[in-house]
Amino acid sequence: MTTPAQGLQGGLTNYGDAGFSLFLRKAFIKGAGYTDHALDRPVVGIINTTSGFNPCHGNVPQLVEAVSRGVMLSGALPMAFPTISIHESFSQPTSMYLRNLMSMDTEEMIRAQPMDAVVLIGGCDKTVPAQLMGAISAQVPAIQLVTGPMLTGGHRGTVVGACTDCRMFWGKYRAEEIDEEEISEVNSRLVGSVGTCGVMGTASTMACIAEAMGAALPGSATAPAVTADRMRLAEMTGTRAVEMAREGLSLDQVISPASVTNAFRILHAIGGSTNAVVHLAAVAGRLGYKLDLDAVDELGRDTPVLVDLKPSGDSYMQDLHRAGGLPAVMRRIRHLLDLDVMTVSGRTLGEELDAAHDAYDDTIIRDLEHPVSPTGGIAVLRGNLAPQGAILKQSAASPELVEHTGRAVVFENSRDMAERIDSDDLDVMRDDVVVLKSIGPVGAPGMPEAGYIPIPRKLARQGVKDMVRVSDGRMSGTAFGTIVLHVSPESAVGGPLAAVRNGDRIRLSLSERSINVEISDEELAARLESMEVVPRSAERGYQRLYLEQVTQAEDGLDFAFLQPAERETPVPVVK
Ligand code: FES
Ligand code: MG
């Protein structure tokens, strides 16, 4: 339980003398022109993740202004402060590698500075989970505000948007269906404005999940970045943050096993990104909950995919917003949700959904009789290749490939793949199963989104659009294909994937929820026995911390020392 608003007095005694510490804090902040009148009130921190390298957060300055307005109109003092910012395309070796660093920055800066509540402004894929993880651990009242999706663009008369269409056009270019001129032309069209990817990628998925979990205001996930709706939501978020400061309502009181379960239901219903499974494991882990992958699968069996957005469907986030946004989706499956859970609005989810409107457009938010898919977006697989689980985004897979046995074509790591996959000499046929090792949490490191293995060029030229692909990596939420991901334990720590050889037969069965290499237990054990697993480490710095502390996919890739010692409560909960 947090203490109610204390303003600048907030608990810090960095000079050993509380009175002198406050005196100094006030003296310095007055250097920025504040009066005693301004300072004598609750403080709401606003996390500013502006960065020239992060166009997904390009509207953050305007959002900070609108949040500040809401804070001030409610009688509190807004204080914007920076943390690191992470953009998908500008983070080497991969953004996931940096997510925990951002969560630590977020946690410690919330803790270090005097604030009674904090508004978390994030958006691009890893930023929202990083902020939720940090704010949960800091135990200060916190509310998430996402930057919102980008607008769509237009290319030669068709609507386009990052980044499913980025992949689609690149695939056409690789297959020599479009030329140099067109690929460079569409490059200027795919991202229509600042804001996050406009499809149901990881950013949109995490925005919906934050809202579904009760950590963001109802209706706030979908408003496009550059709209008046987005600015109004920012003002309302600021207003609500002040009330939360006075109530002492922190995220550990809002997020319960039941609300995490709602979030997984929504993940299925929106056909959301597989990355969300990892992020939810990490967010819930901070609260002492432990991911139950089989329960994730179980929820998917009676949760339909209702949202017709790319990559599972056809539309974009701005269409979902126009159709009523996430509250309208949740109204459609309210019989599957726990409506008694609390939200940051101070009302229960049930009360919020009563106040919301039904979907305005059944082609975007399908009704239960006409789902995009009758079962959920994500299936959990097990088998001798993945004793601790693997994931298949069935809503983005090819129906003719989900029951498939094929010959393994193995790449030992990303470099091996880059060197050989486009070679005309590569021994590969369309029925083969492409295996990529060593792209897991430790292997790459950072579990990059290299799980979206390209179709070998010689097959792409023949028109092959999909093949079964298997790895211990992740894939972008904007990608599609029959792609088995998050194979755990990963090959770099001696998981069975490491033992697969060219020519082995691999069997994927969605109906049996299995992924197996067809060799005997003895043979598999003997191969693993003969391999030497070299523990990875680094000389110094963050990479060393990362390699020593990172957990496997089912534990969310959080650092072991950031998670509570006791993590027993299983989530999600299947009733
Ligand atoms: Fe930022 Fe897609 S790259 S949301
Ligand atoms: Mg992404």
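Welcome to this chain, whose secondary structure comes to 20 helices and 16 strands. What you see is a predicted model.

| Property of the chain | Value |
|---|---|
| Box filled by the C-alpha atoms, along the principal axes | roughly 75 × 55 × 50 Å |
| Radius of gyration | 24 Å |
| Residues counted as buried | 56% of 575 residues |

A compact globule of 575 residues would have a radius of gyration near 25 Å, so the 24 Å of this chain agrees with that.

Now look inside. The largest nonpolar core has 174 residues, and those with the most contacts inside it are Val44, Val118, Val119, Leu145 and Ile209. Helix 12 (residues 275–286) gives this core its largest share, 8 residues.

Which residues of helix 13 are buried? They are Leu293, Val296, Asp297, Leu299 and Gly300. Seen down the axis of helix 13, these buried residues fall within an arc of 160°, so they line one face of the helix. An α-helix has 3.6 residues a turn, so residues three or four places apart point the same way. The cover over the buried residues of helix 13 includes helix 11 (257–269), helix 12, strand 7 (289–291), strand 8 (378–383) and strand 9 (386–393).

Note on methods
Residues numbered from 1 in each chain as written. Chains lettered and ligands numbered in written order. Predicted model: local features only at pLDDT ≥ 70, side-chain atom pairs only at ≥ 80, totals over all residues. Core = buried A, V, L, I, M, F, W, Y, C linked by C-beta atoms within 7 Å. Buried ≥ 20, exposed ≤ 12 C-beta atoms within 10 Å, placed from the backbone. Helix = DSSP H or I, 4+ residues; strand = E, 2+ residues; numbered from the N terminus. Rg over C-alpha atoms; globule rule 2.2 N^0.38 Å. Arc of directions from axis to C-beta. Contact = placed C-beta atoms within 7 Å.
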